[in-house]
Amino acid sequence: MATVNLGSIKFKWKGTYAGGTAYVVDDVVSYNGSSYMCKLASTGNLPTNGTYWDLMAEGGDVATTLTTQGDVLYRDGSGLQRLGAGTSGQVLKTQGSGANPVWGDAGGGYQSMQVFTSSGTYTKPSGINKIKVYVTGGGASGAGAANNSDFGGGGGAGGTAIETLDASSINTVTVTVDGGGSSVTGDNHGNAGGSSSFGSYLSASGGSTGRHGNAGHVRGGVGGVGSGGDLNLYGGAGTGGDDSDNNHMVGGNGGQSFWGGAGMGVGSGETGSSTDRAGQHGSGGGGSGQNVASGAGGAGLVVVEEYK
């Protein structure tokens with residue numbers, strides 16, 4: 001078995017530094033949480049004096065630095081420091097190299113929503129940094145038809161534009177929402193939907209009308225389209241109607257908008273209610289027949305999602 005000469009062990013642990021103790025080379029002490037090795041005989045010279053001591057292992061006086069439940073320990077340019085607890089819901093944030101951490105509000109999350117079913121003014125709430133905006137144009141009404149064997153085409157849906165905006169410089173924005181095309185009766189084409197917009201940022205055109213049931217080639221209306229968005233979508237086209245008593249004898253359904261809600265086309269002997277025939281949220285109204293009013297086009301829509 002090997003023999004160890006304890007006298008040849010170099011370092012000698014002396015515990016906590018004491019100013020009145022004489023230290024010799026290779027004595028090791030603790031001071032303010034760090035350990036130091038004596039390199040030159042010393043009495044009364046603090047371990048931070050580089051003439052007499054070398055830093056062996058750096059630490060910190062955690063017990064005296066942290067004083068309260070919830071404290072966070074960090075290092076600044078000179079040593080260990082205490083960051084007191086933040087308020088409820090805050091998160092710890094770095095400020096980059098060479099800066100101390102701080103408490104701050106959590107960012108990036110969804111906060112709230114504003115929905116416009118008619119024109120108005122958008123006002124950004126305090127603390128909102130980004131918004132995601134959806135703009136949908138008005139739907140066209142369905143076309144009419146006077147005769148029992150004629151059925152009008154469905155109205156086209158409004159288009160939709162979607163865009164995410166940096167809201168740091170936004171305070172208020174004018175919002176325009178089209179009311180949708182009004183219903184018709186008799187041998188009349190439907191009424192087109194109009195455009196909706198969110199200021200000058202993005203807009204969407206309304207749906208166009210289908211042909212009335214006695215016009216021949218009873219097509220449905222074409223959908224509108226978004227403009228200025230990150231994503232610009234077409235509204236759905238209305239389906240065709242009928243001008244012959246030997247065919248399916250049904251009015252065309254309205255086109256679907258981004259939000260759904262197309263109006264129902266009138267069938268022979270099955271007219272449904274005005275609500276059934278009307279489009280919703282920018283969708284087209286259903287085509288009519290038998291001199292029943294066609295479905296009105298759905299009013300456009302502007303939705304603003306708000307994020308920190």
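Predicted model: local features only at pLDDT ≥ 70, side-chain atom pairs only at ≥ 80, totals over all residues.
When I say two residues are in contact, I mean they have heavy atoms within 4.5 Å of each other. Residues are numbered from 1 along each chain as its sequence is written, and side-chain values use heavy atoms, with hydrogens and water left out.

Okay, let's start with Asn 45. You'll find Asn 45 in the loop between β5 (42-43) and β6 (53-57); strands here are DSSP E runs of at least two residues, helices are H or I runs of at least four, and both are numbered from the N terminus. So what does Asn 45 touch, leaving aside neighbours within four places in sequence? Tyr 17, Tyr 52 and Trp 53.

Now, the cores. A nonpolar core is a set of buried Ala, Val, Leu, Ile, Met, Phe, Trp, Tyr and Cys residues joined through side-chain atoms within 4.5 Å. Buried is under 20% relative accessible area, exposed is over 50%, and partly exposed is in between, using a 1.4 Å probe and protein chains only. The largest of these cores has 18 residues, and Tyr 122, Ile 131, Val 133, Phe 198, Val 302 and Val 304 have the most contacts inside it. Which strands supply at least two residues each? That's β13 (130-136), β14 (160-166), β15 (172-176), β17 (202-204) and β20 (301-307). β13 gives the most, three residues.

There's also a second, separate core of six residues, and Tyr 17 and Trp 53 are among them.

Next, Ser 288, in the loop between α2 (274-277) and β20. Is Ser 288 buried or exposed? Buried, with a relative accessible area of 0%. Beyond four places in sequence, Ser 288 is in contact with several residues, including Ala 143, Asp 150, Phe 151 and Val 266.

Last stop, Thr 68, which sits in the loop between α1 (62-65) and β7 (72-75). Thr 68 counts as partly exposed because its relative accessible area is 45%. And how far is Thr 68 from Gly 207? They're 139 residues apart in sequence and 64 Å apart in space, C-alpha to C-alpha.
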